[in-house]
Amino acid sequence: MKKQHFKRILALVLTALLLSSALILTGCGEKGDRTLNLFTWAGMFPDELLRDFEKETGITVNYISFDTDETMLQKLQVAEGGDYDLIIADDYIIEVAIKEGLVQKLNKKKLPSIDNVNPLYQGQFYDPTDEYTVPFGAGVQTIVYNPAKVDIDITGYADLWDPALKGKLGIISNYRVINGMALKTFGYSYNTTDIYEINRAGARLTELAPNIRLIKDDNIQDDLLSGEIDAAIMYTSQVTLAKMTDPSLEIVFPKEGIGFGIMGMFVPVNAPDSSAAHEFIEYVLDPERGATCFEWLGYYCTFAASEEHISEDFRSFLTLPDEFNKEDMEMIQNVTAEAEQAHLTNWTMFRSKCK
């Protein structure tokens, strides 16, 4: 699932500067210099934190970005688990990488601060024994709307089919999330492999087409803030930015159930410098540095020790609400090839109806 991060535009600029500087440093450094090849989405860390890590450890950060999880996996496969020292990606793709033997077990002795991780985000399907990953940010699929322009009370996914939202709804372009929304209106699992259920949800989804104004991942919060759309399904980082900009917006955690996702840090099996990767993980596990990272990202904080260091302005956005019940949350996982094809077919049909 493609992630869009808080302060995206500024982050892209800063990352570009970082990449340029890293190349210069790599070219001019003396023999024996160490480099951390960090592979993740653009703008995952504030530039200052990366600079401080370089100063304190003497390790140069070579920041390499990808656009999708699938792109990352393909490059990691070609490299046979080498080339990169540390990768941050989404849960479902990490499961694939682990199964293919592309990930090494963490050396917990080099991570004395590992207990700072919130247990809520551990023991998940992609790494049930927490041997390979450290969770780094989490989020839920959320409905956000402008109550000044929406005349209905939105409490769940099913309300988005209301004719009052005709031509007013924006949605992210992750097909498993949106197909899953339709599944949830029938009480089905996001991860069902029953083709009848998937196709029934697909037919239901096409009925939503008249309400769709736009489908996009990039900065959909801007379209809500500008009035281009009046309601949207967003990623957590986008919700954070939208709500910080306009506190009057309503946030809805759908009553049908919560779609939940986690990003994780992992070390490839043939990483050139796995020690550098462990040093960086330990560095960001520091409670105050972790808080800085999550304020930058706009995703839920996965380090329990960092929560008290998050500023008041951000705290309500970066932790799961107290009323959340873990049993009401479901993570989107990999499904059978037949089920995946049904999802793709239904998504293509839906997109064609939205034109």
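**Exercise 1. Find which residues F45 is in contact with, leaving aside its neighbours within four places in sequence.**

Solution. Take contact as heavy atoms within 4.5 Å. With those neighbours left out, the partners of F45 are L38, L50, Y63, I88, F136, F280, V284, C293 and W296. The model is a predicted one, where local features need pLDDT of at least 70, side-chain atom pairs count only at pLDDT 80 or more, and totals for chains, interfaces and linings use all residues. Residues are numbered from 1 along each chain as its sequence is written, and side-chain values use heavy atoms, with hydrogens and water left out.

**Exercise 2. Describe the largest nonpolar core and state which residues have the most contacts inside it.**

Solution. Step one is the rule: a nonpolar core is a set of buried Ala, Val, Leu, Ile, Met, Phe, Trp, Tyr and Cys residues joined through side-chain atoms within 4.5 Å. Buried means under 20% relative accessible area, exposed over 50%, and partly exposed in between, with a 1.4 Å probe and protein chains only. Another core, of 10 residues, lies apart from it and includes L214, I220, L224 and A232.

**Exercise 3. Count the disulfides and examine C293.**

Solution. A disulfide is a pair of cysteine sulfur atoms within 2.5 Å. The count by this rule is zero. C293 is in no disulfide, the nearest cysteine sulfur being that of C301, 9.5 Å away. C293 has a relative accessible area of 0% and is therefore buried. C354, at 19%, is buried as well.

**Exercise 4. Locate D83 and N219, and give the phi of each.**

Solution. D83 is not a glycine, yet has a positive phi of about 70°. Its place is in the loop between α3 (69–78) and β3 (86–90). N219, also not a glycine, has a positive phi of about 50°. The loop between β7 (212–215) and α7 (220–226) holds N219. N219 counts as buried because its relative accessibility is 19%.

Technical notes: Helix = DSSP H or I, 4+ residues; strand = E, 2+ residues; numbered from the N terminus.
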